Amino acid sequence: MAGLPSMTATEEMLMGAAVRTTQGASRADTACSGAGFWTLHAATVILFALIAVMISATALVAPYFPSARKFASKAEQIAPLAITSLGQVATILLRGIDLSVGPTTSLVTGVASNLLAANSSLQPTLGILACLGIGALNGTLIVALRTPDLVATLAAFSIVQSAALIVRPAPGGTLDQEVTGMIPQRVVGFLLVFVMVLALFLMSGALLARGRIGARLFATGASPQAAAVVCNGIGRIRFAAYLFSGVMAALAGLTTAARIGPGDPQAGSTFTLVSALAVVVGGASVFGSAGAASGTFLEAALIILLHNLLNRRQVSAYWQYV
């Protein structure tokens, strides 16, 4: 950690010193040079290019793919994975990972198929808040276990997955049309759910790049010991990160439930590892203190487009994982 005069040191100066890497360059220093800009945004630029190639390749296989209807369908599919991945960004920045996001998404679809059903006596707003509360409770549980992140989230994975199977042993139930009708709604020609996802990512990207929240996450991920000296709220930062991850997984579950209709205990089964993939390939480091929301969103979109292309080529789902 850099030495600073005690009389003139401010919180911003101390935080800036905490986020400096072992090479002696901070994120701000890196961004000032051309090479530094490429280092920070290489993943975003490459993913943009790959998405353009993927859309072009899909258009060759399916000439009618580049249409407003098709893009709207893809936006619906991208939204749940993108939301889950956004929550995963916060945990990976802290050198952790949330293994419970997939089961949380599955559990919320099952709970939503009961609380938000047409015959439910509960108001839709209260039902949605209850579903989001599941994610918040899961995030609280992870931190309350007071064990390494991998162990805590693995325990939460087992608990939440079991709860999802108890609530819905098999796919079933359905959501009220008042809830499912939110998916096809449009704002200035774009799907409402996609606009909401973009707004979430833009806000999160701004907070990570310029906000105090982002500075604290990067500082803690870079050096927990140094960050603990600068600010005494390391426990609160970890709690907030996993709370955010849990709520985002629950929001993804609501989006999935509104799109597919019935509750499904396996709806989010692939989200755990795929969301981590989206974060890491999107430019984040598994060693913490490096990552961007924009790259995560683009990688989530690329994964969905790749699945779509392979489906159109009638590639088996088992080979798609390979």
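Helices here are DSSP runs of H or I with at least four residues, numbered from the N terminus, and T84 lies in one of them, helix 4. The structure is a predicted model, and its secondary structure comes to 15 helices and 2 strands. Of the 322 residues of the protein, 43% count as buried, and among the contacts with a separation of 6 or more, 78% are between residues 24 or more positions apart.

- Leaving aside neighbours within four places in sequence, the contacts of T84 are V101, T105, M248, A252, F271 and S275.
- T84 and G253 are separated by 169 residues in sequence, while their C-alpha atoms are 8.9 Å apart in space.
- In the loop between helix 4 (68–93) and helix 5 lies R95, which has a positive phi of about 70° although it is not a glycine.
- R95 is partly exposed, with a relative accessible area of 45%, a value that falls between the limits of 20% for buried and 50% for exposed.

- Helix 5 has 15 residues and spans 20 Å from its first C-alpha to its last, close to the 21 Å expected at 1.5 Å a residue.
- Because 13 of the 15 residues of helix 5 are buried, this helix is largely enclosed by the rest of the structure.
- The loop between helix 5 (101–115) and helix 6 (124–144) holds L122, which counts as partly exposed because its relative accessibility is 33%.
- L122 forms a nonpolar patch on the surface with L126 and L129, and together these residues have about 260 Å² of accessible area.

**G135 in helix 6**

- G135 is found in helix 6 and is buried, with a relative accessible area of 0%.
- Not counting residues up to four places away in sequence, G135 touches T104, G246, V247 and A250.
- The C-alpha atoms of G135 and L107 are 9.5 Å apart in space, and the two residues are 28 apart in sequence.

- Helix 9 (residues 192–210) has 19 residues and reaches 27 Å from its first C-alpha to its last, close to the 27 Å expected at 1.5 Å a residue.
- The buried residues in helix 9 include L192, V193, F194, V197, L200, F201, S204 and L208.
- A pair of aromatic rings is described by the distance of the centres and the angle of the planes.
- A search of the whole structure finds 2 aromatic pairs; in one of them, the rings of F194 and F297 have their centres 6.0 Å apart and their planes at 50°, so the pair is tilted.
- This pair links distant parts of the chain, with F194 in helix 9 and F297 in helix 14 (residues 293–312), 103 residues apart.
- F194 is buried at a relative accessible area of 17%, and F297 likewise counts as buried, with 12% relative accessibility.
- The rings of F201 and F297 have their centres 5.2 Å apart and their planes at 65°, so this pair is edge-to-face, given that angles over 60 degrees are assigned to that class.
- F201 counts as buried because its relative accessibility is 6%.
- Through these ring pairs, F194, F201 and F297 are linked into a cluster.

**Q320 in helix 15**

- Q320 is placed in helix 15 (residues 317–321), and it counts as buried because its relative accessibility is 13%.
- Residues up to four places away in sequence not being counted, Q320 touches H307, L310, N311 and V315.

Technical notes. Residues are numbered from 1 along each chain as its sequence is written. This is a predicted model: local features need pLDDT of at least 70, side-chain atom pairs count only at pLDDT 80 or more; totals for chains, interfaces and linings use all residues. Side-chain values use heavy atoms; hydrogens and water are left out. The expected span of a helix is 1.5 Å times one less than its number of residues. Buried means under 20% relative accessible area, exposed over 50%, partly exposed in between (1.4 Å probe, protein chains only). Patches are made of residues with over 30% relative accessible area and no salt bridge: like charges are joined within 9 Å, nonpolar side chains (Val, Leu, Ile, Met, Phe, Trp, Tyr) within 5 Å. Accessible areas come from the Shrake-Rupley method with a 1.4 Å probe; for residues, only the protein chains shown count as cover. A salt bridge is a side-chain nitrogen of Lys or Arg within 4 Å of a carboxyl oxygen of Asp or Glu. Rings of Phe, Tyr and Trp (its six-membered ring) pair if their centres lie within 6.5 Å; planes under 30 degrees apart count as stacked, over 60 as edge-to-face and the rest as tilted. Contact means heavy atoms within 4.5 Å.
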